[in-house]
Amino acid sequence: RVSTAVVGEHAKVDRQQMFASETIFRLVEKSTHLWVRLTALYELEKAHNSAAVSTDDDTTSSSKKEDADKGVVPCARDRLRHLRHTLITCICSVCPEFDAMYRCPLESYLPVLLPPLLAALEDRDPDISRQARGCAELTANTPLLTEVLPQVLEAVRSVSSSQSWQVRSSVLPFLQVMIFRHQCSIAEEDMEMVRGLMVSLLQDQQVEVREMASAAVAVLVRIVGEELALKLKGDFCEWSRQKLPNREKASAGDGDDFKSAVRKRHAGVLGMAALIGAYPYDVPSWMPEVLVQLAQHVIDPIPIKQTVRNTFGEFWRTHQDTWPMLKEKFTEDQLSALTNLLASPTYFS
């Protein structure tokens with residue numbers, strides 16, 4: 001009798017788990033399909049109403065805009081906002097806390113749920129955006145099986161090509177937390193993909209994304225080790241040597257060439273800044289060469305020179321106390337070059 005009762009209890013538990021899994025599957029499937037449809041509808045109607053408003057004269061444009069705001073677009077926008085809030089609440093309620101180790105019931109569905117979650121970061125509603133940011137951090141810290149982790153990383157990579165720079169930049173802090181949490185279980189090819197994604201975003205068209213990518217590369221170097229820094233150093237130094245065309249000639253002709261050259265050089269400078277920032281209290285043998293190379297860009301156009309100044313300001317702050325010992329790792333020529341190029345040579349005295 002006891003064995004029969006135990007078997008019956010196990011069968012009941014199995015039925016409940018099967019029902020719960022089917023319920024979760026249906027909810028996720030319906031939510032993602034609805035998100036895709038509402039997003040497309042919202043973008044289409046927003047473009048349609050913007051085009052309709054732009055064709056009117058100035059006397060009626062304001063009234064048309066008010067009519068558009070009161071029309072179909074707010075309906076689609078509100079439905080999309082409600083759906084985002086529902087997804088955020090659902091994911092946060094089942095993801096473990098930062099110090100917990102149990103598995104998430106939505107683990108296998110995270111590759112599908114991540115794109116709408118990260119897209120919610122650009123929502124105009126500050127509450128939705130703030131909740132999405134917290135939910136993304138919680139999701140990135142969720143323990144994942146090795147079978148699910150590559151799918152999640154692939155979903156994150158697909159989001160990195162979004163047209164919104166806010167969404168592209170949100171990928172980087174998400175990856176920082178996820179890689180740190182799964183650094184012992186992530187496969188080598190997945191780590192290579194993450195590295196390639198972070199490095200590619202150093203050349204993003206939006207400067208905020210490039211700066212976020214620099215911080216992410218610094219974290220990645222701290223996790224992987226000095227061998228990664230040595231691999232990346234050559235590419236970053238080469239990018240920083242990108243020649244800039246004459247500004248006057250570029251403005252007279254195609255200004256995109258100048259912007260593209262500045263963007264690539266800035267990517268190299270940000271990459272070198274990431275390598276320096278990865279070692280805030282030490283000076284590896286390869287760092288003096290990078291510092292000298294970085295100092296040569298102190299008079300480059302904005303935003304390059306601002307990055308150089310911020311990097312050296314942080315370097316002096318973290319290395320000032322131990323500088324009498326650390327400067328022994330520099331040659332006389334390197335110290336002289338830094339002294340001549342920088343505005344604060346007293347640290348080299």
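Which residues in H6 meet Asp 190, Met 193, Val 194 and Leu 197 in H8? They are Pro 150, Leu 153, Glu 154 and Arg 157.

First, the conventions. This is a predicted model, where local features need pLDDT of at least 70, side-chain atom pairs count only at pLDDT 80 or more, and totals for chains, interfaces and linings use all residues. Residues are numbered from 1 along each chain as its sequence is written, and side-chain values use heavy atoms, with hydrogens and water left out.

The protein chain has 16 helices and 0 strands; these are DSSP runs, H or I of at least four residues for helices and E of at least two for strands, numbered from the N terminus. Of its 349 residues, 43% are buried, meaning under 20% relative accessible area, with exposed over 50% and partly exposed in between, for a 1.4 Å probe on protein chains only.

Back to the interface. Helix H6, residues 149-159, packs against H8 at an angle of about 15°, and the axes are 11 Å apart. The axes are lines fitted to C-alpha atoms over the stretch in contact, and angles run from 0 to 180 degrees between N-to-C directions. H6 is therefore roughly parallel to H8, a label for angles under 35 degrees; over 145 is roughly antiparallel, 65 to 115 roughly perpendicular, and the rest oblique.

Asp 190 sits in H8, residues 188-200. Beyond its neighbours within four places in sequence, Asp 190 is in contact (heavy atoms within 4.5 Å) with Pro 150 and Leu 153. Asp 190 is buried but has no salt bridge, and the nearest side chain of opposite charge, Arg 157, is 9.6 Å away. Lys and Arg count as positive, Asp and Glu as negative, and His and the chain ends are not counted. A salt bridge here is a side-chain nitrogen of Lys or Arg within 4 Å of a carboxyl oxygen of Asp or Glu.

By this rule there are 8 salt bridges. One of them joins Arg 265 and Asp 300, with the closest N and O atoms 3.0 Å apart. That pair links distant parts of the chain: Arg 265 is in helix H12 (residues 255-277), Asp 300 in the loop between H13 and helix H14 (304-319), 35 residues apart. Both partners are buried.

Another salt bridge pairs Asp 127 with Arg 130, at 3.5 Å, N to O. These two are 3 residues apart in helix H5 (residues 126-140), so about one helical turn separates them. Asp 127 counts as partly exposed, at 40% relative accessibility, and Arg 130 as exposed, at 51%.
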